[in-house]
2 protein chains.
Amino acid sequence: MKTKLPSQSNSHEKSSVFSAVSPATPASLPQAETLREKIGQVVQLEGMVYRVRRMSGFAFVTLRAGNQLFQCVYEREQADFPLSLLEEEAVVRLWGLVRQEPRSRAGFEILLRRCQRLSGPTSPLPASVSGKKLDLGLETLLDLRPLTLRRMEQQAIFRIQAALCQGIREFLQAHEFTEIHTPKITASGAEGGSTLFELNYFGKSAYLAQSPQCYKQAMVGVFPRVYEIGPVFRAEKHNTSRHLNEYVGVDLEMGFLNHYSQLMELETALLQSVFVRLRQLCPEELGLLGVEIPEIGQIPALSFEEAKALLARHGLNRPGSLDLEPQEEKLLCQLSAEETGCELLFVTGHPAAKRPFYAMETPERPEYTESFDLLFRGLEITTGGQRIHEYSAQVEKMERMGLNPADFSSYLAAHRHGLPPHGGLGLGLERLTARLLALPNLRQASLFPRDQQRLTP
Amino acid sequence: MKTKLPSQSNSHEKSSVFSAVSPATPASLPQAETLREKIGQVVQLEGMVYRVRRMSGFAFVTLRAGNQLFQCVYEREQADFPLSLLEEEAVVRLWGLVRQEPRSRAGFEILLRRCQRLSGPTSPLPASVSGKKLDLGLETLLDLRPLTLRRMEQQAIFRIQAALCQGIREFLQAHEFTEIHTPKITASGAEGGSTLFELNYFGKSAYLAQSPQCYKQAMVGVFPRVYEIGPVFRAEKHNTSRHLNEYVGVDLEMGFLNHYSQLMELETALLQSVFVRLRQLCPEELGLLGVEIPEIGQIPALSFEEAKALLARHGLNRPGSLDLEPQEEKLLCQLSAEETGCELLFVTGHPAAKRPFYAMETPERPEYTESFDLLFRGLEITTGGQRIHEYSAQVEKMERMGLNPADFSSYLAAHRHGLPPHGGLGLGLERLTARLLALPNLRQASLFPRDQQRLTP
């Protein structure tokens, strides 16, 4: 900070009022591997006390530093501070001797010498973060998020989620998708209907975007392939383990698409690549959660009609129904997994009556659409399909559905100026995370979930 | 699609209802480099007609395919289709012979043979996208976004913006920052005040997040370093070239921070790295816009008080003022650039009266804060600083400011359970883009900007 910048003006040497900031990056976070090389040395570690186990004559102190746990040992005669400094969640700077300890998982432990307490809880913790089990109901777990997220198993969920995003972006960038940022405040909803949150926008009504649908479609007239990972808002009154009112949507759209099966192939390749990357990025976290990430070769697929027929043969018969109920999705996945060994399943060609206005109908049978869902372990994680790209076809379908094209003039501008044939998909990040990690409730895959009852923390 | 999945059940051979989707990725986008290797061959190209220039006896047709322009030549006797198919923005599949042409920028041109029109404009375009200049006022340019973004110079802005995000993420991930997704619907604003958009949340009042501030602070108790790139909402009534009511915030926060100067060093390293990456990722786009990306070595810095004194010496004297006006920021940058050659400038230690409640005050002079802004070519692009991490200190400051700590109990939960010393910064993506590319109005750096008047497209 105190270095002088070399002056660019040659006028005369005068003392400058400017100091200079040099680029510098923070030190690497503590790693067991690095510390193992320091056996016999005294090291300094900053972190938060995770657990204290008093034994006779000493104590085991687990320090959470960086993204790992480190086993420390407190012995009264070795340390120049009282053990009472090391309460759970105390924020400390510790000095200690790294010594070999084959019984420790990392192969070493740290014999504590000095401690500087930097901060800590100001009142007794409402729950212990580091117990064998976090014995809390879901609502309490979520109420106490700023604390309960500190548990290693909880953290692991969100490090895995971050790695999923990283893997998705790496894949999409490698395949020439351009990241876009579309507005979340809109004049009208993408798909219409009653699931919009209304907003006071300088005295006018506005709505939170239910999806980037209309913007990503407009953008395939600009970039051939686009994607966005961002918040999506649905004012759905469902209160189930499978719904959130705000979630993270992974949305992509690509131009010059000939058939929606290309999107299914792309998503198969995407998930295959992302799962491989996840195993590289998060071996510790996956191990901690005891999760096996499926190997994806091919993904089975069947049509909506075939799915309904299969369900009927297995006793789930809802004649004339135009969608899949949760229990139907579950049974389909189960049957498919039994036969194919794959826990993912595409269901294709959904009825037009249950798809939005922009869904392209199958030419030879317009009561169905050029669309697909991807189910994973019984839950829909993706909806995708070919869109209508011709202006006249889109206007005609809107009219047929009783919508007024004039209400969509901003959306239709892209079609009016010419849009390539295109399609895309939306993948729910929390749903992917929850199914992958076998979390029973979607809320567990959201840092700070939002539902009808929950606006805090 | 029609392959069978190998059956996992050994029961008996029966015909499966499941087909199999194999992973496949879309073909690479057309590249001049690839086509140059095909001189003498007939190729197929899909794209949109950018420009048609009729000459005597032939026409130059510029095709926008992938992210590039390709020069094609239409000669009546060579082509089996009429030139009229190739109107501006027509979506076409073209076949043609690649032939050497030293006068073309790419070294070749494509002699057209066949054309299949896939789609196109349904009415005359309200503006020509490919003229020498896009002679439209800003409001018209924005009204016609789905069309005007198709101009190469407009596209380039947003490919550069995507590359900035990619560079930022690569840097932050390499330095062990974990990506988080925090809610945009909140029970109260992060910084309070009148700049909140109010929302009807199932009959209750909720607000759009002005920043992920309180969540990223809570998260430094979980992960040592976090970041988020996401939308931020400000109901500010400013109607200037420097404000948007929705923008993309690049937010980061790190624990175990000893002094905010570490954040300035980090941001210096971040921008240095991102600018290098940008030159690698977007040479074409930077060339098209005629933009030189600054080389960053060190970034000059001066304190708020020094800045005020310097301004006074240069005739801008506002005695007792506690912030910097736009014209002051401009003059500071100009003076700094003249002396140091760097167009970025840190201003440190802003008055506490103008900083939010979570800003840590400088111990020896509590009327100032441990904070900084980063100015770039006259515009503030970043605000950052050390935060209050002690529960009691935060409660005390809130009370001193006339705030009721009970209104912030959710925010304060993280402090109550112990938070490491920490700090962070927020960087406006559109501001960075606009300053880098010398765009006079921030709206030009937002795909679909939102201001008091503008909710569409």
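Trainee: Which strands does helix α8 (residues 304-313) of chain A lie across?
Mentor: α8(A) lies across β13 (299-303) and β14 (344-348) of chain A, running at about 90° to β13(A). Angles here go from 0 to 180 degrees between N-to-C directions, with axes fitted as lines to C-alpha atoms, for helices over the stretch in contact. Contact means heavy atoms within 4.5 Å. The helices (H or I, at least four residues) and strands (E, at least two) are DSSP runs, numbered from the N terminus.

Trainee: And what kind of model are we looking at?
Mentor: A predicted one, where local features need pLDDT of at least 70 and side-chain atom pairs count only at pLDDT 80 or more, while totals for chains, interfaces and linings use all residues. Residues are numbered from 1 along each chain as its sequence is written, chains are lettered from A and ligands numbered from 1 in the order in which they are written, and side-chain values use heavy atoms, with hydrogens and water left out.

Trainee: Okay, back to strands. What is the order in the open sheet that has β7(A) in it?
Mentor: There are nine strands, and the order goes β7(A)-β11(A)-β12(A)-β19(A)-β18(A)-β17(A)-β14(A)-β13(A)-β1(B), with mixed pairing. Strands pair if DSSP finds at least two bridges between them.

Trainee: Which strands stand at the edges?
Mentor: β7 (178-179) of chain A and β1 (19-21) of chain B. Each has a single partner strand, so one side of each is left without a neighbour in the sheet.

Trainee: How does β7(A) run relative to β11 (residues 225-233) of chain A, parallel or antiparallel?
Mentor: Parallel, with two bridges joining them. Glu179(A) has Tyr227(A) in β11(A) as its bridge partner.

Trainee: What about the open sheet with β1(A) in it, what's the order there?
Mentor: Nine strands again: β1(A)-β13(B)-β14(B)-β17(B)-β18(B)-β19(B)-β12(B)-β11(B)-β7(B), and the pairing is mixed. Its edge strands are β1 of chain A and β7 (178-179) of chain B, each pairing on one side only.

Trainee: So how do β1 (residues 19-21) of chain A and β13 (residues 299-303) of chain B pair?
Mentor: They pair in the antiparallel sense, over three bridges. Ser19(A) stands opposite Ala301(B) there.

Trainee: How many bridges join β18 (residues 379-386) and β19 (residues 422-428) of chain B?
Mentor: Five, and the two strands run antiparallel. In that pair, Thr383(B) has Gly426(B) as its bridge partner.

Trainee: Which strands does helix α9 (residues 326-340) of chain B touch?
Mentor: α9(B) packs on the sheet, touching β13, β14, β17 (371-376) and β18 of chain B, and its direction makes about 120° with that of β14(B).

Trainee: New topic: how many residues does the contact between the chains take?
Mentor: 146 residues from chain B and 146 residues from chain A. The area buried between them is about 11600 Å², with carbon and sulfur atoms giving 63%. Buried area is the accessible area (1.4 Å probe) that two parts lose on being put together, summed over both.

Trainee: Which residues in chain B lose the most area to chain A?
Mentor: Phe18(B), Glu339(B) and His417(B), together 7% of what that side buries.

Trainee: How many salt bridges does the rule find across the interface?
Mentor: Two, taking a salt bridge as a side-chain nitrogen of Lys or Arg within 4 Å of a carboxyl oxygen of Asp or Glu. One salt bridge links the side chains of Arg169(B) and Glu179(A), at 2.8 Å, N to O.

Trainee: Which helix gives the largest share of the side of chain B that touches chain A?
Mentor: α4 (residues 152-174) of chain B, with 10 residues.

Trainee: Where are the cis peptide bonds?
Mentor: One joins Thr456(A) and Pro457(A), with omega about -10°. Chain B has one between Thr456(B) and Pro457(B), with omega about -5°. Pro457(B) lies in the segment after α12 (429-436) of chain B.

Trainee: And where does Glu176(B) sit?
Mentor: In the loop between α4 and β7 of chain B.
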